[in-house]
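I would like to know how the chain packs and what lies on its surface.

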Amino acid sequence: MDSIERREYARRVVSNPTRHYIIYPHPDVKPEWIERTIAEPYHQENDGRELYYGWINEMKNWLRVVVENGQLVTAYLDWRLTRRFGRLS
């Protein structure tokens with residue numbers, strides 16, 4: 001997937017949240033951070049779900065984004081990822 005396709009996919013995911021995300025939002029996470037993390041992840045995993053990790057410089061913290069079947073399940077700041085990836089500047 002090239003960068004344009006990744007950005008389009010990220011926009012679709014953010015505009016298509018699951019019921020879980022709507023009921024349990026994380027108000028400290030901005031939609032543009034979610035898009036950026038999906039489009040340009042620092043690290044990505046797939047365990048049946050798509051997991052994206054990105055450093056949010058504005059918050060000096062890691063963002064974990066979980067996507068399942070093209071829908072945004074959750075996105076939250078996760079300080080525990082600092083142990084795994086360290087801090088970026």
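Leu63 touches Val29, Trp33, Ile34 and Thr37, then Tyr52, Tyr53, Gly54 and Ile56, and finally Ala75, Tyr76 and Leu77, leaving aside residues up to four places away in sequence. The model in which these contacts occur is a predicted one.

Leu63 also belongs to the largest nonpolar core, which has 18 residues. Together with Ile34, Ile38, Val65, Val67, Leu72 and Ala75, Leu63 is among the residues that touch the most other members of that core. At least two residues of this core come from each of α1 (3-14), α3 (31-39), β2 (50-56), β3 (61-68) and β4 (71-77). Another core, of 8 residues, lies apart from it and includes Leu51, Tyr53, Val66 and Phe85. In soluble globular proteins, nonpolar side chains tend to be buried together.

The chain holds 4 helices and 4 strands. Read from the N terminus, their order is α-α-α-β-β-β-β-α.

What does the radius of gyration of the chain agree with? A compact globule of 89 residues would have a value near 12 Å, and the chain has 12 Å, so the two agree. The C-alpha trace spans about 30 × 30 × 25 Å along its principal axes. Of the 89 residues, 40% are buried. Among contacts with a separation of 6 or more, 50% join residues 24 or more positions apart.

Next comes the surface. The chain exposes about 5,600 Å², and carbon and sulfur atoms supply 48% of this area. One nonpolar patch on the surface is formed by Ile22, Ile23 and Tyr24, which together have about 340 Å² of accessible area. Ile22 sits in helix α2 (residues 19-23). Is Ile22 buried or exposed? Ile22 has a relative accessible area of 57%, and because exposed means over 50%, Ile22 counts as exposed.

Leaving aside residues up to four places away in sequence, Lys60 touches Trp55 and Arg87. Lys60 and Thr82 are 22 residues apart along the chain, and their C-alpha atoms are separated by 10.0 Å.

Definitions and conventions:
Residues numbered from 1 in each chain as written. Predicted model: local features only at pLDDT ≥ 70, side-chain atom pairs only at ≥ 80, totals over all residues. Heavy atoms only, no water. Patch = residues over 30% accessible without salt bridge, like charges linked within 9 Å, V, L, I, M, F, W, Y side chains within 5 Å. Areas by Shrake-Rupley, 256 points an atom, 1.4 Å probe, with all protein chains shown as cover. Salt bridge = Lys/Arg side-chain N within 4 Å of Asp/Glu carboxyl O. Buried < 20%, exposed > 50% of the residue type's maximum accessible area, 1.4 Å probe, protein only. Rg over C-alpha atoms; globule rule 2.2 N^0.38 Å. Contact = heavy atoms within 4.5 Å. Core = buried A, V, L, I, M, F, W, Y, C linked by side-chain atoms within 4.5 Å.
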